Amino acid sequence: MCGIVAYTGSSQAIPFLLDGLKTLEYRGYDSAGVEVLAQDGSLAGVKCVGRVSALVEKCQTRDLRSTCGIAHTRWATHGAPTDRNAHPHTSCDGRVAIVHNGIIENYRSLREELQARGHEFRSETDSEVIAHLVEEALRGPAAGDVVEALRRATRRLEGSWAVAAISADDPGTVACARKGSPLVLAATDGGAYAASDITALAGITSHVIQLDDGQLARMDPSGAVTVYDASGSEVAKPDTLDIDWDASAATLGGYDDFMAKEIAEQPAAIERLLRGRLSDGRINLDELDLTDDEIAAIDRIYVVACGTSLHVGLLARRFIEGWARIPVVAEAASEFIYEDVLVTDHTLCVIITQSGETADTLAAARKMHAAGAKVFAITNVLGSTAARESDGVLYIQAGPEVSVCSTKAYTAQMVAATILALLLAQKNGHMATGEVARRFRELARVPDLMRVVLDRSWQAKAAAREFVHAPSALFIGRGVNSATASEGALKLKEVSYLHAEAYAAGEMKHGPIALLEPSFPVVAIVPRDSVRDKTVSNIQEVIARGATCVAVATDGDEDVASLVERVMWIPDCPENIVPMVAILHLQVLARYVALARGCDVDKPRNLAKSVTVE
Ligand code: F6R
C-alpha cells in the first residue's frame, strides 16, 4: 500500500527519494509524488498518477535541487487516483507539506472545522487535513517547530498514521509521527532517512530506529534523529533493530521478474528455516516462549490471517488438530475481528502474516491480547508490527518478498506452521519422539522435492495454454489439498486477472459443476494419497461434461494421466508434504498465464503488498 520516504542531510535528496519510491513500488500504488525544500526557501513538488518512472520524468523538468524532502506512493482509499489526490499534500499557504500512510477516521469533521476557519482543500483525501492542522499549529503555539506542530496536529487525529512533514518555516527538519502504520528511521553521517518499509533503507544503514505507536521523530540535517513520546518528551532509548542485509535479496539477479525469482528461491528458503530446528529428536522452537505446562494447558488455538497466509492457516489447523489434538479455528482476520470469540487463560492465538503489517491481522491479534490470550506470530519481516506486538515470533527468513503475489512466503509459512504443530504435539505428549523425528525428516525432504518440481516448470508452462483464452477456471482438491486448490486459484486470478474459483473436490457437484462445459479448464490436485480415488471420481465428473482437466499428480500415476488433458508431475511424497511441493506448479502456471495475457506479474492492478488499512 502507500509508501513513504524522507531525507534531510548534506546530499541531494531527490536521488534517494526517487530510488526509495522505486524500492517501495512492490507495495502497490496508483500515484506518486515528491516535495522538497527548494533553494529559495519555498517548497516545490511534483506528483502524478501512474508509475514512479512517470514521476522521475516529471522531476527532470523541474529544478528540485534540495537536501531535504519527502516522497510518497499512494494506494487510493479516500478519493480516486488522480494527480490532485496524490501526496504530498500542502497547506493553504504552501509552506507545509505532508505525506501520510493510514486512514484518518475523523477527517470529515476535521475538514469541516478547518474549512469553517477558512482553509481551502485541494484534494478529496483524508490525509490533507494533517497539512492544514500542522499549518495552524505553526502559526500559533508551535511557531517555527514542525515537529511540535505535527505533535499537536496528531493529537486531533483518530485512526492510523505514519506521517512525514516538512515546512518552509523550519528549514531542513523532517518531522515524523507514527500510530498504527510503520515508520523506520536511520541516523547517518550523511543525513537522516525515514521510510515506511525497511527495504528502502537497504544499503544506507544496518541499524534502524523503529518508531513505536504514539511516538514522533525529528530528523536533522546533521543526520541526527531524536525520538519523542506523545507528550513531547525525548525518548532516551528508542527502539532499534540491526539488520543483516543480503544486498542481492531485493534485486532481480538475472530473473525476468521477482515472481520468477521468488518461486526459484523456495528450496533455499526452506533449508534456512529448517536449520537447527531438530536436535536429539526434539523440536526447537524457543520463539514460542511458553513453558511446557503452558503448552500442555492450551485448550484452543485461533489461527488468524488473510489471503495466502490464511491458506497456510487452513493447513495449520489440520496439522495441529491432527497431531497435537488441540481444537483449532482458522479464520480470516477481517471476519474474526467482529466475532464473539471464546477465550480463556489457556487460549493461544497464532497470526500468520508475511508483511507483519496487515491491518486486519494486527487488529485480530490486539483483540486476542486484550481478551487475555497469548499471541504467537509467524512472519517474514524483521521488526514488523506483528513481530513487535506478539508474545513470541517465528521468522520464516524467506528474505524480502518483492512481488506482490506471495510465493516463497507461502511455502515457508507452511513449513513454519508444521514445525509449530510438531512442537505442540511433542510437548503435549500426543506424538512420540520417534514419530516427530520421522515427520521432521519428511519435512527436510521438501527443498529437494521442490527442486525436482522447478526443473519441470515446462509442464506448467505447457498447461498454461489451456487457460490463456478461458473465461474462468476451477481448481479442485481434497483434504490438505483443498487449501492448495484455494491458493492455486488465488495465484491465477491475482496475476493473470482470469477469474478462478477453488472448491473442495467433493463439493463440486453441489453447485460449481453447473459451470462446466466443453473446454472449461479445471485444475485437479490429485496426488497419490488417502483421498486420491475420490478425487479421481471427481475428475471423471469433470471429463464427462467435456471440460478440460489439467492435473497435478504423482509420478507414475498413469491412470490419472490417461484421463486428463495434461499432467504436472510431482515426485512421490508423504501426504502432508504435498501442499508444499504441488503449489510450485500452480505458481508457475499462474505466472505463465499472466505473461501470456500481457500482465505485470509483480505489480498486479489494484493490489498492495502490505494491506495496512482494515
Ligand atoms: C496473495 C497475497 C495476499 C496476502 C495477504 C496477507 O498473493 O499476497 O493474499 O497473503 O494480503 O498478507 P500478509 O501475509 O502480509 O499478512
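Start by selecting Arg111 and Ser123: a polar atom of the Arg111 side chain sits 3.0 Å from the backbone oxygen of Ser123. That is a polar contact (a pair of N or O atoms within 3.5 Å; within protein, one must be able to donate a hydrogen and the other to accept it, and residues adjacent in sequence count only if both atoms are side-chain atoms). Before going on, note that this is a predicted model, where local features need pLDDT of at least 70, side-chain atom pairs count only at pLDDT 80 or more, and totals for chains, interfaces and linings use all residues. Residues are numbered from 1 along each chain as its sequence is written, and side-chain values use heavy atoms, with hydrogens and water left out.

Stay on Arg111, which belongs to helix H3 (residues 107–116); helices are DSSP runs (H or I, at least four residues) and strands likewise (E, at least two), numbered from the N terminus. A salt bridge needs a side-chain nitrogen of Lys or Arg within 4 Å of a carboxyl oxygen of Asp or Glu.

Next, pick Glu113 and Arg156, whose side chains do form a salt bridge (2.8 Å, N to O). Arg156 is in the loop between helix H5 (146–155) and strand E7 (159–167) while Glu113 is in helix H3, so the pair ties together parts 43 residues apart in sequence. Arg156 is partly exposed at 36% relative accessible area, and Glu113 is also partly exposed, at 24%.

Hop over to helix H14 (residues 433–444), where Arg438 and Glu435 lie three residues apart, about one turn of the helix. Their closest N and O atoms are 3.0 Å apart in a salt bridge.

Last stop: the ligand. Show the 13 residues around it, the closest being Ser309, Thr353, Ser355, Thr358 and Glu494; a residue makes this list if one of its heavy atoms lies within 4 Å. Zoom in on Thr358, with a polar side-chain atom 2.4 Å from a ligand oxygen. Then try Val404, where a backbone N or O atom lies 3.4 Å from an oxygen atom of the ligand.

Note on methods
Buried < 20%, exposed > 50% of the residue type's maximum accessible area, 1.4 Å probe, protein only.
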